[in-house]
Amino acid sequence: MKARRFTARLTMAVAMAAGFLGLSAPTASADSVVSRIDVYSPSMDRWIANDVISPVGGGPAPTFYLLTGVGGGEDGISWFNNTGVRDFFDDKHVNVVMPVGGKFSMYTDWNADDPVLGRNKWQTYLTKELPAAVNARYNTTGVNALGGVSMAGGPVLDLAIQSPGTYRAVGSYSGCPRAGDPLGQAAVRSMVEILGGGNAANMWGPWGSPQWAAHDPLINAEKLRGTALFISTGNGLPGPVDGINSLAMAAGVVPGAVLEGITNMCTAALQGRFGQLGIPATFSFRPEGTHTWGLFEADMRASWPMIAGAIGA
């Protein structure tokens, strides 16, 4: 049964009393509730909106955090707006939290405020502030998983590396999980600087500084041992999984094909690294798929049985 949406805002006093530091928005169905909650981030000194799907009844549920691409959902492009997540999770016993924010940020903590992109402390928000708020507001088990697409495909693995034990499972969809080599640097800087207009040196220091290597999942793959992992990519060739059914959508095939070709190469390198280290992980290389939401959603759904098993959903 499809969830319906309703909106309500807690007062600051109630939110702070709940240890939440801010909240806005709930929606309901017989199986789930869809809410928008506003969580205050002390590290960034601002409120962050989050779309949440939560189950009705059945006792405490684990939480699946889903991060979107380069626009951070602030551009209206997100799991919530561009996929069928509400229908997919409507009958599942899990809280699904989709933050709105983080454009061009790589979902990491920046060393310095950026003149264009402002203050970004997304690692702190996603691993500490948001889970504390969600656990205070919803009926959770305290067990978490994390998924991310495109720009977030590498950072979700990095977040698991930087915050051991926070996530039992990670789904990385069509991302480039590397930062410490020239290809990784080019991928990161293309998002932060070319698309976002920011300065990546404000993030991890100048290229070649130790922080770039410290945030590279390829280099730090050993630290992912013990985490349930699903890592997927298309191959850059358009196909039915893309769901392209109009000329307007077809216009995005060429850049999407290039992007997915890059993520395919990055994913193959990570698979090779895992193989060298003997780290178990599920890798999915589709024989089709450009950088589209049709592909992203198909891979998220394919990852769910593994993620659900890891977190007890």
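This note covers the cavities, salt bridges and disulfide of a predicted model.

1. Basis. In this predicted model, local features need pLDDT of at least 70 and side-chain atom pairs count only at pLDDT 80 or more, while totals for chains, interfaces and linings use all residues. Residues are numbered from 1 along each chain as its sequence is written, and side-chain values use heavy atoms, with hydrogens and water left out.

2. Largest cavity. A cavity here is a set of points, on a 1 Å grid over the protein atoms alone, where a 1.4 Å probe fits but cannot get out; lining residues have an atom within 4 Å of a point. Grid points are joined across faces, edges and corners, and the volume is the space filled by probe spheres set on the points. The largest cavity has a volume of about 130 Å³. Its lining comprises 16 residues, with M106, G154, P155, C176 and R178 nearest the centre. Helices (H or I, at least four residues) and strands (E, at least two) are DSSP runs, numbered from the N terminus.

3. Lining classes. Ala, Val, Leu, Ile, Met, Phe, Trp, Tyr, Cys and Pro count as nonpolar, Asp, Glu, Lys and Arg as charged, and the others, Gly among them, as polar. On that basis the lining of the largest cavity has 11 nonpolar, three polar and two charged residues. The lining of the second largest cavity has seven nonpolar, two polar and one charged.

4. Second largest cavity. Its volume is about 50 Å³. The lining residues are D51, L66, L67, T68, S78, W79, F80, M98, P99 and V100. At least two residues of the lining come from each of β3 (61–67), α2 (79–82) and β4 (95–100); β4 has the largest share, three residues.

5. Salt bridges. With a salt bridge taken as a side-chain nitrogen of Lys or Arg within 4 Å of a carboxyl oxygen of Asp or Glu, the count is nine. One of them pairs E74 with K103, the closest N and O atoms being 4.0 Å apart. E74 is in the loop between β3 and α2 and K103 in the loop between β4 and α4 (122–137), so this pair ties together parts 29 residues apart in sequence. E74 has a relative accessible area of 43% and K103 one of 38%; both fall in the partly exposed class (buried is under 20%, exposed over 50%, partly exposed in between; 1.4 Å probe, protein chains only).

6. Further pairs. R189 and E193 form a salt bridge at 2.9 Å between the closest N and O atoms. Both lie in helix α6, four residues apart, about one turn of the helix. For R286 and D299 the corresponding distance is 2.6 Å. R286 sits in the loop between β8 (282–285) and α11 (293–311) and D299 in helix α11, so the bridge ties together parts 13 residues apart in sequence. R286 is partly exposed at 22%, whereas D299 is buried at 0%.

7. Disulfide. There is one disulfide, defined as a pair of cysteine sulfur atoms within 2.5 Å. It joins C176 to C266, S to S 2.0 Å. The torsion about the S-S bond is about -55°, so the disulfide is left-handed. C176 is in the loop between β6 (169–173) and α6, and C266 in helix α10 (residues 253–277), 90 residues apart. Both cysteines, C176 and C266, are buried.

Notes. 1 Å grid on protein atoms, 1.4 Å probe; cavity = no way out; pocket = protein on both sides within 12 Å on 5 of 7 lines; lining within 4 Å.
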